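These are my notebook entries on a single protein chain. I set down what I looked up, one topic at a time.

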Amino acid sequence: MRKIFKKRKFNMPELYAKGSEWRKWDLHLHSFYTHMNNNYKSDNKTEEDFVDKIVGSGLKVIGLTNYFNFKEEDYQLKKKLESAGITVFLNLEIRLTYQNKEDDCCDFHIIFDNSLEKDAIDLFLSNLNVLVEGHPKKASKIESSNDYLKGVIELDEIINKIEDESLGICHRCLAGFLSRGKGNGRTSSAYEKIYEKTNFLIHSSENPRNLIDDQKFWAQQNRPLFQSSDAHSFSQIGQKYSWVKADPTFRGLRQTLNEMERICLDDAPELLKKIKVSPQNFIKKLFINKKQDSIINEIWYNNTDIDINPGLVAIIGNKGSGKSAIADITSLCANTHVDPEHWSFLKPTKFRMPRPFNRSKAFEAHITWADDSETENISLDSNSNVTQPERVKYIPQNFLEELCTTENDKDFEKELKSIIFQYLPEEQKYGKIKLDDVIDYLSQEIIFSEKELFEKINEVNKKIVDLEAKQEPKYIISLKNNLELKRAILENLKSAEPQKVEKPVHEDNAEDQRKQEEITSLTKKQKEIEDKIVEVQNQLTKETQKNQDLKFVQDQIVRARQYVNDVIAKISPLLETNGLKVDDVISLSLNTEMLGKTIAASTETISSLKAQINNDNPDSLSQQKEKITAEIVAKQEKLGEADRKYQKYVEDLKDWNEKIAQINGSETIPDTIIFYEKQIEYVEKHLEGDLQIASQNRDSLVVDLLNNKKKILTNYARLFAPITEFIERNKENLKEFPIEIQSTFIFDEINEKFFDFISQGVVGSFSGKEAGAAKLKELCDDVNLNNDCEICAFAKKLESCLKIDDREGKSIPRDITNQLKKGHSILELYNYIYGLSYIKPLFQLQMSGKKLASLSPGERGAILLLFYLFIDNDDKPLIIDQPEENLDNESVYKYLVSFIKAAKKKRQIIMVTHNPNLAVVCDADQIIKMDIDKVNKNTVSFVSGSIENPAINQCVVDVLEGTYPAFDNRKQKYFSKERN
């Protein structure tokens, strides 16, 4: 039904100068002349007794209720109650045709504007159709007991008649229905339609639990709930009611639809309890007057008497209207300790300007507290007495402005850190003069150790990546296929063994016998040289490895020496300061002479070995082999046919055996049968064990890395302990604000960086942009970052989810390689996962997850307000002069509004503002609009009241931004542009 309240013309209401105040409201109190269940007259009471009972109960606003229509007596009773100071809304109670699960008809209520004319209500009732046992009848004609008992109305009939402009009540009533403590059961389509068309609910159950449950339920539907008595007898009047913070007007009632916090169902609102306990902490009135002996002709603040609301007060006005003057003067009267150089009005360049005369000398002021005590009159040219207690907290405009608009962002961070640094005990400053210096001093060795541990993790990850590649099914399949191929080649080769040729016998030919023996002898030498070449080659391989190992050791020693020298240079001043010498602490002995000689000898050996097999060396084994081979070929050419065939057979057999040997190979020669057999044996029998050992080694390093990170937390905890204690003391007050100081690990940009490696466009646990991000968030949310085991387990879980697609409760193996984005490797991914760069030791102040250096001016202003305005936990009045100045609107709405709304729950706040986000969205309880008539001797005037008051509402529009478009996003809080 909210849609039917778009346009409305208002008459000017009574002006409640103090703004919205807490009052007792009972919107469902049956008339003395109620048509049904009337138990008033059975008590032998009169209408005058009825009025006296309501007045005596403390109720200020009632909904005078009757069934289906109102009698003339109801209208007269309304006038009598209003004459007694009670605001009276006529409340029409009717039954709908809809029924609940107990077959009870839904009780529907229409609350009429208290200023609505009787004729308009009568016209509405004379057109409203009621069904009595299926027969239509006008509501104004419902008269008999049976009519009242059996009458029901269709919801659409009610809505259509309310929206009918010709009937005169459109936009001048609110619709609701009675909740009988069944809020959680009202989920049928019928009830959904009802509450979609209504604005509020009335509750009258006797069960307190029902009240709590209903309030929570309907708040979720954005519907306010009012506790009421449903009184039908004198004993019920004043027993149940709601505390409502609003003007006692129809506009005030409507305002509660937008600000449900204005309704309190407790025994009393917290603010009233605080006033009762500590009335000296609430300013009740400010009085400014011209001194009797003043001779200046200007009027200014003469006889200015301002009532002040105990809640949130917004002082508005055009530029130069004197709004900041109220903040300065009130703070002066309450003895603020803020340096006067920060004041906006009471300063030498303005009201205290000495020439032509110091106007401040002509005026004095005092304030009245809620306990009715008054401060002494103080001349406006005086300053506060800092030896006396400060009774307000004052934040002048330029105090924040200077820090929020600094040209250098570092100035703001420097100021904030200087505040934190001041809280450090002297012994924890380590002789440093800045917080950053202390942090660097305590963290340098930890950071270096972290780099070393990461390098070790990288080495283990290389091994794991290699082992896992061998663990892939395709790897073992490839090995077996290659082995099968090699064995097939071997079998083919065996079948191609050279056909045997018998060695010729030369018993009768001594010459041929001699040639044969010479070739045999040369062939033997050839084999010896070939074996020697293989031996030299093996020696060269080993010696080269040895040489490289020794050079690596040499490089490491050089780096170690440089590192030690750097450490000595760094710690020498510290040792000397504390009466020690470096030689007393460090004794370093490095003997690299033998190492250098060994490397030189190895290098010489490598050169010698290379020379033995170098073809360019005429004396090398390679050259010797070539010579013998050439000699064998020459002698073979001189042999007879039989001998040549035999020598050919010998050569072929040799080549064949070499090929057989090459195919069989060894476990160190790739692409051979023995190599593949050993690799298959390793994969099937040993790989899993090696992978497990490597994984355990990595787990151990991750634990070491985490423990190293925890050292940073330990250092931070000591540095920020005072600020942590402050946050803890004010935790309840700060719970709505996006400010945090953590002494724990956090996930740092894991979503961005993880998905820099992993593509969400391929099948896997993290497939899909939203689903993948949600999956990662779910994994992160499940981790207790204060538990080391859970952090380490998270890394393994992350890897597991990449290998096993566990969506929809399934368990499907996935290849990580296929999920990697182009340009990334599994090693890089593992280094990210197990390098824990996403686990950040955090013990710093942040707002909305942003570091101090990246805060906008608005965010800087908000965070400074938290520090400077909320630094202590007392409940003195808080006076702020234009806190939004130089802050962007987004920051005002996002941070400052929430801060002020939370702070006003525990203390009185008086703020000067021209920003609608503060005055309106913070739901100021009182708005004071200041003005100075500079033509008429600088006469100061003001108008004061609540947001819901049309006159004040218009002031808000005129002063705060000046046009209605500025309030489009808050249009429900503002009335129509059409006004009387």
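**Entry 1: helix 14 and helix 19.** I began with the axes of helix 14 (residues 473–495) and helix 19 (residues 641–664), which come within 10 Å and cross at roughly 165 degrees. I noted that the model is a predicted one. Angles over 145 degrees count as roughly antiparallel, and therefore helix 14 and helix 19 are roughly antiparallel to each other. I recorded the crossing of helix 14 past helix 19 as left-handed.

I then asked which residues of helix 14 and helix 19 meet. From helix 14 I listed Lys 486, Ile 489, Leu 490, Leu 493 and Lys 494. Their partners in helix 19 are Trp 656, Lys 659, Ile 660, Ile 663 and Asn 664. Sorted by class, the residues of this contact are six nonpolar, one polar and three charged.

**Entry 2: a residue of helix 19.** I next looked up Glu 651, which has its place in helix 19.

**Entry 3: helix 14 and helix 20.** I returned to helix 14 and examined helix 20 (residues 673–685) beside it; the two axes come within 9 Å and cross at roughly 150 degrees. That angle makes helix 14 roughly antiparallel to helix 20. The crossing of helix 14 and helix 20 is left-handed.

On the side of helix 14, I listed Tyr 475, Ile 476, Leu 479, Lys 480, Asn 482, Leu 483, Lys 486, Arg 487 and Leu 490. These meet Ile 673, Tyr 676, Glu 677, Gln 679, Ile 680, Val 683 and Glu 684 in helix 20. By class I recorded nine nonpolar, two polar and five charged residues in the contact of helix 14 with helix 20.

**Entry 4: helix 25 and helix 27.** I recorded a right-handed crossing where helix 25 passes helix 27. Helix 25 contributes Ala 795, Lys 796, Leu 798, Glu 799, Leu 802 and Lys 803 to the contact, and helix 27 contributes Leu 829, Tyr 830, Ile 833 and Tyr 834. The classes here are seven nonpolar, no polar and three charged.

**Entry 5: aromatic rings.** How many aromatic pairs does the structure hold? I found 34 aromatic pairs. One of them joins Phe 747 and Tyr 838, a stacked pair with 6.3 Å from centre to centre and 15 degrees between the planes. Phe 747 lies in strand 20 (residues 744–747), while Tyr 838 lies in the loop between helix 27 and strand 23 (839–842). The pair links distant parts of the chain, 91 residues apart. Both Phe 747 and Tyr 838 are buried. I also noted a cluster in which ring pairs link Phe 32, Tyr 33, Tyr 40, Phe 50 and Phe 234.

**Entry 6: the whole chain.** Last, I looked up totals. The secondary structure comes to 31 helices and 28 strands. Of the 980 residues in the chain, 49% are buried. Among contacts between residues at least 6 apart in sequence, I recorded that 73% join residues at least 24 apart.

Definitions and conventions: Residues numbered from 1 in each chain as written. Predicted model: local features only at pLDDT ≥ 70, side-chain atom pairs only at ≥ 80, totals over all residues. Heavy atoms only, no water. Left-handed = near helix turned anticlockwise from the far one by under 90°. Helix = DSSP H or I, 4+ residues; strand = E, 2+ residues; numbered from the N terminus. Contact = heavy atoms within 4.5 Å. Nonpolar A, V, L, I, M, F, W, Y, C, P; charged D, E, K, R; others polar. Axes fitted to C-alpha atoms, helices over the stretch in contact; angles between N-to-C directions. Parallel < 35°, antiparallel > 145°, perpendicular 65-115°, else oblique. Phe/Tyr/Trp six-rings, centres within 6.5 Å; stacked < 30°, edge-to-face > 60°. Buried < 20%, exposed > 50% of the residue type's maximum accessible area, 1.4 Å probe, protein only.
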